[in-house]
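Welcome, and please have a look at the fold before reading on.

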Amino acid sequence: MVKIDKTVAAMRNAPQNISYYDLHSACVHFFGEARQSGTSHAVFKTPWSGDPRLNIQKSKGGKAKPYQVRQALKAIDKLQELQK
């Protein structure tokens, strides 16, 4: 749990410097295994209606795309709010 907390804190501080692996690990922790993988995208299902998916992909250099990091943070925050 400590590693995930550190990863989420790093995602908040510098979304442009997050590795794809760290973003993927955080998404697996909060949303379970990706329903699509093996392609350039990993798609995670979220437990609410509306837009119930989170789509991430690698950028050049193994980094996560900053806008996808921000989308993941928004989804994580919403999930934590629902769990309260």
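Here is a short tour, starting with the ground rules.

This is a predicted model, in which local features need pLDDT of at least 70 and side-chain atom pairs count only at pLDDT 80 or more, while totals for chains, interfaces and linings use all residues. Residues are numbered from 1 along each chain as its sequence is written, and side-chain values use heavy atoms, with hydrogens and water left out.

Let us begin with the rings. Rings of Phe, Tyr and Trp (its six-membered ring) pair if their centres lie within 6.5 Å, with planes under 30 degrees apart counted as stacked, over 60 as edge-to-face and the rest as tilted. By this rule there is one aromatic pair. The ring centres of Phe31 and Trp48 are 6.4 Å apart and the planes stand at 80°, so this pair is edge-to-face. Because Phe31 belongs to helix α2 (residues 20-31) and Trp48 to the loop between β1 (41-45) and β2 (53-57), the pair ties together parts that are 17 residues apart in sequence. Helices (H or I, at least four residues) and strands (E, at least two) are DSSP runs, numbered from the N terminus. Both Phe31 and Trp48 are buried, a word that here means under 20% relative accessible area (1.4 Å probe, protein chains only).

Contact means heavy atoms within 4.5 Å, and neighbours within four places in sequence are left aside for Val43 and for Thr46.

| Residue | Location | Relative accessible area | Contacts |
|---|---|---|---|
| Val43 | strand β1 | 8% | Ala34, Arg35, Gln36, Arg53, Leu54, Asn55 |
| Thr46 | loop between β1 and β2 | 3% | Phe31, Asp51, Pro52, Arg53 |

As for Val43, its C-alpha atom is separated by 22 Å from that of Ala10, 33 residues away along the chain.

Now for the open space. A pocket is an open set of points on a 1 Å grid over the protein atoms alone, where a 1.4 Å probe fits and protein lies on both sides within 12 Å along at least five of seven lines; lining residues have an atom within 4 Å of a point. The largest pocket has a volume of about 290 Å³, the space filled by probe spheres set on the points. Its lining has 14 residues, with Asp51, Arg53, Leu54, Asn55 and Gln71 nearest the centre. β2 and α3 (66-82) each supply at least two lining residues, and α3 gives the most, with six.

How values were computed
Buried < 20%, exposed > 50% of the residue type's maximum accessible area, 1.4 Å probe, protein only.
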